[in-house]
Amino acid sequence: MTPPLLELRRLTKSFGGARALRGVDFDLKAGEVHALLGENGAGKSTLIKIVTGAHQPDGGTIMVGGELAEDLTPAAAQALGIACVYQQPALFPDLSVAENIALRLERGGVLRTVGWRARHGCARDLLQRIGAEIDPATEVRSLSMPEQQLVEIACALGSGARIVIMDEPTASLTHKEQHLLFTVVRELRKSGVGVIYISHRLEEIFALADRVTVLRDGESVGTHPVSSMNEAGLIRMMVGREVAQIYPPSESAPGEVVLALRDVGCAASGVRGVTLDVRAGEVVGLAGLVGAGRTELARVLFGLTPADSGEISLNGQRVTLRSPGEAVAQGIAYVPEDRRRHGVVLEMPIAHNMTMAVHGQLFRGAWLRFGAERSLTLDYIRDLAVKCSGPFAPGGSLSGGNQQKVSLARWLATKPKVLILDEPTQGVDVGAKSEIHKIVRRLAKEGLAVLLISSDLPEVIGMSDRIGVMRGGALTAVLPGGADAHAVMAAALGTTERGAA
Amino acid sequence: MSRYFRELSVVGALAVALIAMAVFAPAFFQPQPLLSLATREAPTLVVACGMALVIICRQIDISVGSMFSVVSVCTGILAARGWPLLLVLPIAAGLGAALGALNGALVAGLRLPSIVVTLATMVALRQGLNLVRQGEFVNMPDTVQWFGLPQATGQWVLVICALALLAALGLGLRHLAAGRFVYAVGTDAEAARLAGIRPQLVTFGVFVFIGALTGLAAMMNIVQSPQVQPLSGMGLELKVIAAVVVGGVAISGGRGNLWGAFAGLLLLACVAPALTHLRIEAYWEKAIQGAIILLAVVADGLRERRQA
């Protein structure tokens with residue numbers, strides 16, 4: 001029996017304190033399409049990055065074609081015939097298709113002579129092999145997204161790849177383009193290539209894959225032939241666990257409707273017809289997969305990408321939110337995701353970070369009063385238990401959880417009516433996470449209307465009074481707090497078999 | 001205070017240089033030549049303050065030299081025709097602000113890179129001026145030179161005006177919310193936007209501001225000599241950028257202050273007279289200034305690498 005193309009045994013990988021992979025087994029045979037499935041953060045990307053050599057595993061073994069591959073680097077992975085087609089193709093937009101392919105495939109020194117005819121011929125052959133009708137002389141910039149993906153696949157083929165990884169290749173494709181891609185994938189399979197196929201769309205997995213492996217919390221839950229599975233079974237495998245962590249109980253009785261959305265849409269960011277009420281003292285969770293439109297909705301509410309249809313009302317009064325400044329003035333606060341980039345300015349002192357959104361209120365006449373700034377900062381440092389060396393320590397000196405508290409304090413200082421939290425506990429350690437949960441609960445109790453975006457399913461379920469589930473830019477379901485994880489997942493995936501358990 | 005270590009190190013270097021001069025060439029400290037030096041550098045200081053703001057905002061303006069020349073010639077003509085200086089002064093600032101607004105609109109409004117935009121306005125203004133004036137000087141009446149005051153008094157007025165502007169701007173940058181916005185936008189424009197600050201408006205503002213300051217500096221220039229040369233602002237942009245960078249303003253934005261820029265300017269400005277007094281050939285001036293700039297940039301680079 002021939003050894004599998006790729007065999008991963010007991011792979012482990014940690015980032016800081018977070019364990020992304022806890023001993024994953026995976027294998028890929030020649031001529032099969034093997035789907036990889038899992039929630040956000042289940043470890044799919046980490047696994048892929050290890051296979052392509054971008055990350056080094058902490059433990060475990062990688063066998064390629066039956067041989068042990070140690071210290072895999074991107075170049076070594078390529079030499080072993082591993083290629084990856086990303087959702088956003090990484091091509092050079094100003095170079096032609098042929099030049100892009102040549103950059104990947106041609107070997108030789110910097111002073112080698114370029115045979116333009118051979119280069120174009122080679123590109124044409126590769127494109128023909130996958131049935132793509134693209135002129136090699138075209139500039140990549142003028143190609144559509146799926147055409148660019150086809151170029152990527154041509155590169156993979158040309159490099160003699162035996163293992164092709166496709167990371168959500170259909171996320172930005174139309175139905176027709178999707179079919180073209182499927183045909184190409186089936187061709188690849190026929191020619192003996194092994195394809196690792198990552199997608200959130202279950203119907204694609206049923207249409208395309210031979211086997212499926214489900215990852216959950218960095219572990220593989222199981223590998224099964226697709227023919228033996230149904231949607232409900234897959235969802236059960238993805239969710240699997242109970243809400244293990246203890247969340248502080250909801251103590252507040254929701255009051256008046258503070259934020260009311262009626263059919264709110266924004267064509268530019270793909271938010272479509274969202275209707276939702278958030279009451280004072282209520283935590284409304286927003287669940288959904290990455291790209292489902294949750295952050296986009298938050299950005300609409302904060303005036304970053306203003307709504308172009310529907311109505312937004314605050315305390316019963318219709319409002320227009322065209323800029324963050326207007327949103328702040330109306331009492332909306334947005335704690336963005338990815339705080340390392342845009343939530344906290346790492347170079348600036350904590351105090352400056354905390355007062356950044358309240359200059360108008362704190363400093364009358366625009367003259368900074370350092371005493372007022374200091375006392376406000378000290379109040380929030382005490383109130384939110386920020387661990388720091390002082391109010392003027394730079395934001396970058398804090399741990400992730402404490403940075404998140406500083407970001408939160410900036411917005412609490414504006415005395416908002418509506419607080420939008422976008423992934424507030426992402427990359428935060430367990431202790432700080434539960435502290436942030438308690439703070440959110442307390443704020444709701446004090447009468448704030450909270451919109452909580454989180455990809456952490458237990459967190460959304462445990463923290464929310466109600467859970468809105470988004471898919472494809474629309475709000476597809478509103479479930480009660482403590483709802484069944486399977487139901488949330490099913491709504492997020494958009495399957496028909498809702499309430500699978 | 002490690003927070004101001006960078007600024008203090010420039011002040012320290014300046015102090016060491018001055019002490020060395022006191023020991024080896026005490027003649028350096030004659031008051032009259034020093035006052036003349038200070039007067040010559042007063043317009044540069046005013047422009048350097050504006051440049052510090054622009055660079056803290058993570059932009060750059062290399063058109064200040066050309067703006068300086070244009071405003072100098074235009075206001076020189078008005079003053080020569082007998083317009084009162086008190087009227088010419090706001091016109092100078094306004095003309096500079098208008099030219100700055102052009103840069104600001106292109107950079108903030110169309111989101112073009114400031115180095116290219118101001119390169120274009122630098123060339124356009126310089127060539128436009130040459131075309132119209134054909135290199136002609138403007139002869140100034142005696143009533144304009146030194147504001148019609150005795151020379152020493154006029155010099156003192158200019159130096160004190162420049163220092164007062166520095167003090168006002170330095171305090172404003174630290175104590176006004178607008179100053180904080182400049183730092184926030186220069187450090188992380190997207191974070192500032194998410195905090196409700198309007199980065200494009202701030203960016204536009206700093207360009208208008210440096211324009212107005214350049215206009216004022218041009219005004220301080222035309223009262224210094226009996227003639228206004230159309231080439232008077234040549235190379236000014238490099239001089240002020242060098243002063244600002246030596247003074248610890250990070251070219252990557254978000255860091256630095258006007259006091260540092262002031263110290264940087266003093267350090268660079270002292271090189272030429274110091275060489276004269278030490279009887280070293282004047283050809284060394286640019287080389288030494290270049291070495292100082294290089295040293296400052298290398299120090300910043302090492303510091304950032306240590307932090308990363």
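User: What makes E19(A) and E20(A) partners in a sheet?

Analyst: Two strands pair if DSSP finds at least two bridges between them. Six bridges join strand E19 (residues 466–471) of chain A to E20(A), and the two run antiparallel. One place to look is Met470(A), which stands opposite Leu475(A) in E20(A). This is a predicted model, where local features need pLDDT of at least 70, side-chain atom pairs count only at pLDDT 80 or more, and totals for chains, interfaces and linings use all residues. Residues are numbered from 1 along each chain as its sequence is written, while chains are lettered from A and ligands numbered from 1 in the order in which they are written.

User: What do the names with E and H stand for?

Analyst: They are DSSP runs, numbered from the N terminus: helices (H or I, at least four residues) and strands (E, at least two).

User: Why do E16 and E20 of chain A count as edge strands?

Analyst: Follow the order of this open sheet of six strands in chain A, E16-E17-E18-E13-E19-E20, which has mixed pairing. Strand E16 (332–335) and strand E20 (474–480) each have a single partner strand, so one side of each is left without a neighbour in the sheet. From one strand to the next, the twist averages 20 degrees.

User: What lies across that sheet?

Analyst: Helix H9 (residues 294–301) of chain A lies across E13, E16, E17, E18 and E19 of chain A, at about 150 degrees to E17(A). Helix H18 (residues 485–493) of chain A lies across E13, E19 and E20 of chain A, at about 30 degrees to E19(A). For such angles, axes are lines fitted to C-alpha atoms, for helices over the stretch in contact, and the angles run from 0 to 180 degrees between N-to-C directions.

User: How do you know that E14(A) pairs with E15(A)?

Analyst: Count the bridges again: three join strand E14 (residues 309–314) of chain A to E15(A), and they run antiparallel. Here Ser313(A) stands opposite Arg318(A) in E15(A). Both strands belong to an open sheet of four strands in chain A, ordered E12-E11-E14-E15, with antiparallel pairing. Its edge strands are E12 (271–279) and E15 (317–319) of chain A, each pairing on one side only.

User: Why are H1(B) and H11(B) called roughly parallel?

Analyst: Angles under 35 degrees count as roughly parallel, over 145 as roughly antiparallel, 65 to 115 as roughly perpendicular and the rest as oblique. The axes of helix H1 (residues 5–24) and helix H11 (residues 258–269) of chain B come within 9 Å and cross at roughly 25 degrees. That makes H1(B) roughly parallel to H11(B).

User: What is the handedness of the crossing of H1(B) and H11(B)?

Analyst: The crossing is left-handed. A crossing has that name if the near helix is turned anticlockwise from the far one by less than a right angle, and it is right-handed if clockwise.

User: How many residues of domain 1 and domain 2 of chain A are in contact?

Analyst: Residues are in contact if their C-beta atoms, placed from the backbone, lie within 7 Å. By that test, 11 residues of domain 1 of chain A are in contact with 11 residues of domain 2 of chain A. Helix H8 (residues 231–239) of chain A gives the largest share of the domain 1 side, four residues. The bounds, 6–239 for domain 1 and 257–493 for domain 2, come from an automatic or database domain assignment. Their C-alpha centres lie 35 Å apart.

Note on methods
Two residues are in contact if their C-beta atoms, placed from the backbone, lie within 7 Å.
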